[in-house]
Amino acid sequence: MASHSSNGSKHLQGHASDVVVVTPCGACKMLRRRCVEKCILAPHFPPTEPLKFAMAHRVFGASNIVKLLQELKESERADAVSSMVYEANARIIDPVYGSAGTIFQLQNQVNELHAQLAKAKAEIFNMNCQLEVMVSTEMCRSSQTISHQSFNEFEDGSFSSIPCVYLDDDQDSSWDNIIWA
Ligand SMILES: [Zn+2]
């Protein structure tokens, strides 16, 4: 004899080909009807989660749930039930907007976070600009202490990536006066 579902329910031989299950599924228990082995609701509404069917039944009605599940492939039914239960919960909490209310709320949060992100990026940009101004000001001050000739050679780019220390700021200082760090 085939088993009913993973809940390990015992079952009895009923009329014709229907096998009546001793422990009905959550849906049949609530509807006070006998649950059969091939009950379409049983895999999705276990007796251990009575509220799950209660919510969906309250919003959609048992016959609509059964009708919808019958129109779907078996592989799609679990997702459809999850979706219906989610929508039913949302509809009970917010009878006007249901899950759309949650979507609006989350969309507003996304918009607010986008605005905050744009503001933070603008602040970072401004701080970087200030930093660049400070660095260039500092470089101008430093350059006044570096010999003009050395500074020009430094600025032409050939040595700009190599950190170095100038020993003195004598006008006649040459590359001999530079110690490479
Ligand atoms: Zn059932």
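UniProt annotations may be inferred rather than shown by experiment. The exercises below concern a predicted model.

**Exercise 1.** Determine which residues UniProt lists as "coiled-coil region", and what share of that span is helix.

*Solution.* Step 1: an unreviewed UniProt entry gives residues 103-130 under this name. Step 2: in the model, this span is 100% helix and 0% strand. Step 3: its end C-alpha atoms are 40 Å apart.

**Exercise 2.** Classify the arrangement of α2 and α3.

*Solution.* Step 1: the axes of α2 and α3 (residues 62-71) come within 7 Å and cross at roughly 100°. Step 2: angles of 65 to 115 degrees count as roughly perpendicular. Step 3: α2 and α3 are therefore roughly perpendicular to each other. Step 4: where they meet, α2 contributes Ala-56, His-57 and Phe-60, and α3 contributes Ala-62, Asn-64 and Ile-65.

**Exercise 3.** Identify which members of the largest nonpolar core touch the most other members.

*Solution.* Step 1: the core has 17 residues, and those members are Cys-25, Cys-35, Cys-39 and Leu-41. Step 2: at least two core residues come from each of α1, β3, α2 and α4. Step 3: α4 gives the largest share, four residues. Step 4: beyond its neighbours within four places in sequence, Cys-35 is in contact with Val-21, Pro-24, Cys-25, Cys-28 and Ala-42.

Methods
Residues numbered from 1 in each chain as written. Predicted model: local features only at pLDDT ≥ 70, side-chain atom pairs only at ≥ 80, totals over all residues. Core = buried A, V, L, I, M, F, W, Y, C linked by C-beta atoms within 7 Å. Buried ≥ 20, exposed ≤ 12 C-beta atoms within 10 Å, placed from the backbone. Contact = placed C-beta atoms within 7 Å. Axes fitted to C-alpha atoms, helices over the stretch in contact; angles between N-to-C directions. Parallel < 35°, antiparallel > 145°, perpendicular 65-115°, else oblique.
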